[in-house]
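Here are a few exercises to work through with the sequence and the model side by side. Try each task before reading its solution.

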Amino acid sequence: MTKFQTQAKYLFETLERKNWTVTNLHRTAKPPGYEDPVILAAETPFTVSEVEALSELFKKLSRLVIDDGLIHREEFQLALLRNSKKRNFFTDRMFDLFDIKRNGVIEFGEFVRSLGVFHPDAPFEAKMSFAFRLYDLRQTGFIEQEELKEMVLALLHESDLVLSEEAVEMIVDKTFADADSKHDGKIDPEEWKEFVSKNPSIVKNITLPYLKDTTLAFPSFILRSEVEDGEI
C-alpha cells in the first residue's frame with residue numbers, strides 16, 4: 001500500500017471515528033458545483049447512498065481551510081498529509097487530476113468522478129487513462145522519458161524505497177524502451193494502453209479497496225436517501 005492509499009484510508013477512518021453523519025442531506029444548502037447523486041451514481045461505480053456519503057465527506061474537507069463548498073489545494077494536502085504547507089509531488093499531481101476543470105479547486109462532481117476511478121469495480125481502461133494523465137506531467141498528450149523518470153522517483157518516495165541513481169536510470173530506460181514501441185521518443189495513449197495491458201501492476205495503486213462499499217466500510221456515513229439505489 002502506497003502512502004497515498006494509506007493516507008486516504010486514514011482520512012476515511014478519522015472521519016468515521018468522529019462519527020460525522022447527516023440524515024437529511026437533501027435539506028442542506030448545495031455547494032458550488034453540486035451534482036445530483038442519482039446522476040453521479042449512474043456515471044460511477046458508486047450507489048446513490050454512497051454518493052451521498054461522499055457528499056458528507058466532501059463537505060468536511062471543503063471546510064478545512066476555506067468554508068466555501070470547494071476543496072482547495074491546501075485542504076487536499078491537509079486531508080492527506082495532515083499539513084497544509086507541506087508540498088508533495090504525488091499529492092499535487094492527484095489534486096491536478098481531480099481538478100478536472102483546471103480552475104484551481106475541486107467541485108463535488110469532480111471529487112466523486114475522480115474517486116470513482118479508484119473504485120475496485122471501475123473499468124480497467126479508466127484506470128489506464130487516469131494513470132496516463134498522471135504521468136503526462138506537461139499535459140502534452142504524450143509521456144516523455146523525463147516525465148517517466150520524475151514519476152518513478154515520486155512513486156519510489158511514496159513507497160519509501162531508496163535506489164541508486166544508476167538503478168533508477170536503468171528502470172526508466174528499460175520501461176521507456178518497452179513502452180515506446182514506435183521508437184519516436186515519446187509514449188502515446190495507444191502505446192500506453194498496450195504497455196499497461198501487458199503490465200497491469202502499473203495501475204494497481206489506482207485502486208482503493210475500501211471504496212468497494214463505502215457505507216459498509218464506514219457505517220457512520222450511511223445517509224437517508226430520497227431515491228432508492230435500485231431505482232437507478
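Predicted model: local features only at pLDDT ≥ 70, side-chain atom pairs only at ≥ 80, totals over all residues.

**Exercise 1. Work out what share of the residues is buried and what share of contacts joins residues at least 24 apart.**

First take burial, for which the cut-off is under 20% relative accessible area. By that criterion, 46% of the 232 residues count as buried. Then turn to contacts between residues at least 6 apart in sequence: 61% of these join residues at least 24 apart.

**Exercise 2. Find the buried residues of helix H10, and explain why they line one face of the helix.**

Step one is to list them: within residues 189-198, Glu191, Trp192, Phe195 and Val196 are buried. Step two is to look down the axis of H10: these buried residues fall within an arc of 125°, so they line one face. Step three is to check the other side of H10, where Glu190 and Lys198 are exposed. Step four is to identify the packing partners of the buried residues, namely helix H7 (124-135) and helix H9 (165-179).

**Exercise 3. Which side chain reaches the backbone nitrogen of Glu190 at the start of H10?**

Go to the start of the helix and pick out Asp188. One of the side-chain oxygens of Asp188 comes within 3.1 Å of the Glu190 backbone nitrogen.

Note on methods:
Residues numbered from 1 in each chain as written. Heavy atoms only, no water. Buried < 20%, exposed > 50% of the residue type's maximum accessible area, 1.4 Å probe, protein only. Helix = DSSP H or I, 4+ residues; strand = E, 2+ residues; numbered from the N terminus. Arc of directions from axis to C-beta. Contact = heavy atoms within 4.5 Å. Polar contact = N/O pair within 3.5 Å; in protein donor to acceptor, adjacent residues only side chain to side chain.
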